[in-house]
Every structure is written in C-alpha cells, then in structure tokens.
Amino acid sequence: MSTGREVRRPRDAARSIFLAVALLVVLVPLVWTALAASGIQPNNDTRPPSWSISPTVDHLAEVSVVEPAFWQELATSVGVSAIAAVLAAAISFLGAYGLARSGGRAGRRLTPGLLVLASLPVMAYVLPLSEVLRRIGLLDTLPGVTLAEAAATAPLAVYVFYAHLLGASRETEEAARLEGAGVSRLLRDVVLPASTPIVAATVIVLFVLDWNQLLIPLVVTGIQVRTLPVVLTDFFTLERELDWPTAAAALTISLVPLLVLVGLFHRFLERFSLSAGRHPGESDASGG
Amino acid sequence: MKLTKSERALLYGPLAIVLSFWLLIPACLGLISTLTNFAPVESSVMWVGLHNFQAILSDRTFAAAVRNIAVFILAAVPLELVIGFCLASALRRPFRGRTVGRVVLLLPWLVSPVASGVMWHFLFGSERGFVGFVFASFGLATPPSPPSQHGLALLAVVFVETWRVAPLVGFLLLPGLAGIPRERWENATIDGLSRLGRIRHVALPAVRPLLLAVTMLLVGGALSTFDSVLTLTGGGPGTETVTPALYSYGKAFTFSDWPIGAASGWLIGGAVLLAGLAYLRLSRDPEL
C-alpha cells in the first residue's frame, strides 16, 4: 500500500478470497473452451482423469469446412455490428442532447420509459418488421438488418447519454451559445470532445449487443446476409452431434473480436455508467 | 436553453425516423396483427378477435412456459443482483489490479447466449466437461448432465444465465458504489452501524436509481430469455425449461404459425410493459 494508512484487516482477506473465487468461476469455463478448441481435453473415464494434449489448429480449420462461408459471415458481423453501433450512438447522442438541454420535464419523464422500450422483447415486433422490410425491399439486405439493430439498441444509448449530459458541466456550452454558436457547432466543438469517453464506451457496449443479437438477423436476413449468431445457432442446433472441439473453436473465434475490442478500449469502458453523477476522476461532474 | 425549430429537427429527427420505422411502427403493427390471422403466406387477412390469445392461454405448453419463466425470474434476478452487488462492493475501493478486475467482469457477458448455452452443454457433460472432470478427480462416477435431468434442468438454466449476467451487474453497479463519498462510509462507521447497516443506510440509498434501472433491464432480459435455453436444453426435458419466448420462437419458425408466434411475443411484451410500469412508478417516487 502506497499510503500506508490502510492496514490489512480480516475483511480484506475475505474480499481477496471472494474475488479470487469469482475470477475462477468467470475464467474456468472460458479457458476450458479455448483449450478444447486448441486440442487440449481431459478424459474423464480414467481415474484420476487424464489429459490428452495434442495442440493443433485443425479444429479452427474445421470450422470453415463445416461452414464454408464462416469467414465471410464473420466479416459481415463485424461490419453490421460496427455500423449499427456507431449509427445508434450518433442518433442517440443528438436526441439525448436535445432532451437534456431543452430544460423541460419531458426528458426526465421520458428517459425511464426508454429503459422499458430497451427491454421490449424483439419477438413482439420482429415478425411485422420483416414484413415492413420486405415491402420496402430491404429484407435480407445489409441496410435493413443494420438499421433494425441500431433501432433496437438506440433507447439504451439515449438513456446513457441523457444521464451523462445532465451531469456534465454546461458553462463552456452556455458561453459558446451566448457568442451565437448553433447547436451543430456546439456539439462539434464543445459537447462531443468533452463526452468522448462515454461515447466510445457506449459504442463498444452497443457493438457487443449487436454482435450477439440473434433474433433480428434470424428473421430479417437469411440467404444474402448471414451474421455469426445465426450461423452458430444453425451449427449448434441442427448438428447436435457436432464435435465439441469444432464447436469450441467456432465459439472461441466468435469471441476474439470482442476480446480485442474490450482489451484495447478498457480505459473507456471504465467510464460506462447508466447513472448520472460523480465518478471518480471525472472533474467536471456537477451531480445535478 | 432555447432550441430553434431546425435545431430540434436536427437533434430529434434521425432518432425519430429510425425508431419509428424499425421499432415503433412494427411493434404497433405486431400488436394489431395479434388480433388477425396475418401471416406472409396468408392471402386474405381476417379479423379473428382474441382467438390467438385464447389458443395460447389454453395451450399447456405455454402454461408450463409461464411457470418456468416465473421460477426463473424469481431465482435468477435476485441472485444476479446480490452477486453483482457483492462483486461491485469488493471492487469499490482502489487496489492493484482493480482495472483488470472490472474488465474481467465483462467477459461472460461477451459470450452470446447461444454460445453460452452450447459451452455449458459441453462443460456439464460427463466425458470431456468440467463437471465430469471434477467428479472424476475425486474418484467418483461422473453424473449425467444436469440440463438433461428432471428437476435440475431449470436450475441449470438459472445457473448458466447467472454466470453470464451477474458479473455484468457488478460492472454496472461499480461506478455507483465507487462514487459514494468516503466520508459517508466513515460517518456511518462512527455512528456504530454494522456492515449490513452501512449497506442499507449508505450504499442502497445512493445507488437506488441505478439499482432500479439494472433490475428493469434484468427483468426485461429474463422475460425474453430464449437463445441460451435453445442451445442448452432445447426446452426439455419435456417442457421443463420451455420459456414463453422459446414457445413463441418455436411457433413462429418451427411450426410457421405466425399469428400464434406474434401473439405470444406480445404477451411477453405485455409482461415487460407491466414490469416497466412498476419501474416507472418506483423511479418517480423516491420514498417507495
């Protein structure tokens, strides 16, 4: 301890044990899967269980044998999720800014409702959505599914941005406004630069939500466009007898882009918060 | 701040367009279509009144699904909240490795529900799974996989979803708990409050809005549970793990029965809206 002020107490020991157990519970299943994907598996029929260790990349290669278009579908998933996340964040930020700065009670009344909207089951609207998309010629197209995923995640993004913008300082904004700056200039020069961490964090969270979205692409795409969760579901439900290492390999590959993203941007993710108010290290929070 | 008409159009327009066409209008159409026999293959759409709902409510599979989801929500949501709260409390004060700890909390959530179902299907398995490995290590006979066992299958679903979601709850609650000023904890300790007393009188009031928001998202998510069940148990054994969303999905896609699929989807939507009303009420009234 650098300060030397905090003496180790029994509580700290209990906390360490709790965190260590939690760490194991979180990591063991993932490591087990990654090991199986690389050819390292236990044999539970012997006593004690033995390990068959034959590190290989064959299982990773097998994925594209079972599902020939796997890499293409992976690329589609990256594109759809990235564009949907950025688009949802952009339109939500604009909307949230309007709600937070129009000063009325509308924003405060409306935003908890957004959380309800964010929880609306996809099943309640996805069938008619596919019919709407079919009539306007966007069924089974990239724009159709991308916009649908953006719409599904936008309510959550508005909620997050609204909470952030309510808590943020307005002095610079108001000064710029008095000098005659329009909203678009305000956003570009003042508000957005000050909100970069929360916007980046939200884009990442939305990316993960879009990446794992199953039902929307399942219903509104299918032949021309296929995203990873749909492929994995086919993989896992139609071929129940599927070899575990191959399934583990597909699973591991589908996790890698997210791990890279979270690893690279964890500093931003730390700023992600559903609530307004004081955060450690955030200098300009007014707590209003 | 006064916004001009064109500024309002700029701020709210894009969000309104995307939300209307890709979410709200389909949702309303969906609600109306539950009173018809509407389906893409149907050439003449007819008004059928409440017939779809009657058919669903008299279906014993759906009754089982309602019972299952009630048990699931009553078990999983409190468990996720308590574990998440403990994780956030343990990570509240800074220590070396806290940043890494917070990122690790996100890992299970990165695994899509579909993939997590498959992963646990194999981890629970006797031959190469983790559970079988632990039993074999102690020289015991490997037990049959819990998801396929009568009486254990639903518990297995609760466990798998808690594994995926509880750490995320910790991640979301952490900024709220870390934002509580140190003096408040110290004052409470000086006032002679026990650990539970400090949680009740210091922590819970401070994170109340956040806790409510997270609970709303958890209940909404739990009500729509289906993809992890699809790959973990497929709803079995029998109807022991069928959820309303899985029922709706099965009707719409396996049996191509759109009207029943859409109507049961809206029954889940109705449940989410009811939970939403309770949430709105609670979040407006600070005393409740």
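A helix here is a DSSP run of H or I at least four residues long, a strand is a run of E of at least two, and both are numbered from the N terminus. With that in hand, let's walk through this predicted model, starting with chain B. Its secondary structure comes to 12 helices and zero strands, so going from the N terminus on you simply read α-α-α-α-α-α-α-α-α-α-α-α under the helix rule above. Buried residues account for 47% of the 288 residues in chain B. As for contacts in chain B between residues at least 6 apart in sequence, 67% of them join residues at least 24 apart.

Now over to chain A. This one has 12 helices and two strands, and its pattern along the sequence is α-β-β-α-α-α-α-α-α-α-α-α-α-α. Here 50% of the 288 residues count as buried. Take the contacts in chain A between residues at least 6 apart in sequence, and 75% join residues at least 24 apart.

The assignment gives domain 1 as residues 10-56 and domain 2 as residues 60-269. The centres of domain 1 of chain A and domain 2 of chain A, taken over C-alpha atoms, are 32 Å apart. Where the two touch, domain 1 of chain A puts in five residues and domain 2 of chain A puts in seven. On the domain 1 side of that contact you'll find three nonpolar residues, two polar ones and no charged ones.

Next, how do the two chains meet? The contact draws 78 residues from chain A and 87 residues from chain B. On the chain A side, helix α1 (residues 10-37) gives the most, with 12 residues. Sorted by class, the side of chain A that touches chain B has 50 nonpolar, 21 polar and seven charged residues.

What covers them? Just after α5(A), look for Gly137(A), which takes a positive phi of about 75 degrees.

From there, follow the chain to some helix packing. Helix α6 (residues 142-167) of chain A packs against helix α8 (residues 183-211) of chain A at an angle of about 150 degrees, with the axes 10 Å apart. Angles over 145 degrees count as roughly antiparallel, and that is why α6(A) is roughly antiparallel to α8(A). The crossing of α6(A) past α8(A) is right-handed. On the α6(A) side, the contact is made by Glu149(A), Thr153(A), Ala157(A), Val160(A), Phe161(A) and His164(A), while α8(A) brings Ser195(A), Ile198(A), Thr202(A), Leu206(A), Leu209(A) and Asp210(A).

Helix α8(A) has another partner in helix α7 (residues 171-178) of chain A. Their axes come within 10 Å and cross at roughly 150 degrees, so α7(A) and α8(A) are roughly antiparallel to each other. This crossing is right-handed. Here Thr172(A), Glu173(A), Ala176(A) and Arg177(A) in α7(A) meet Leu186(A), Val190(A) and Val191(A) in α8(A). By class, the contact of α7(A) with α8(A) has four nonpolar, one polar and two charged residues.

Finally, zoom in on a single residue. Val63(A) sits in helix α2 (residues 58-66) of chain A. Is Val63(A) buried or exposed? The cut-off for buried is 20 or more other C-beta atoms within 10 Å, and Val63(A) counts as buried because it has 24 such neighbours inside 10 Å. Leaving aside residues up to four places away in sequence, Val63(A) touches Phe70(A), Thr246(A), Ala249(A), Ala250(A) and Ile253(A). As for Asn212(A), 149 residues from Val63(A) along the chain, the C-alpha atoms of the two are separated by 19 Å.

Key:
Residues numbered from 1 in each chain as written. Chains lettered and ligands numbered in written order. Predicted model: local features only at pLDDT ≥ 70, side-chain atom pairs only at ≥ 80, totals over all residues. Domains from an automatic or database assignment. Nonpolar A, V, L, I, M, F, W, Y, C, P; charged D, E, K, R; others polar. Axes fitted to C-alpha atoms, helices over the stretch in contact; angles between N-to-C directions. Parallel < 35°, antiparallel > 145°, perpendicular 65-115°, else oblique. Left-handed = near helix turned anticlockwise from the far one by under 90°. Buried ≥ 20, exposed ≤ 12 C-beta atoms within 10 Å, placed from the backbone.
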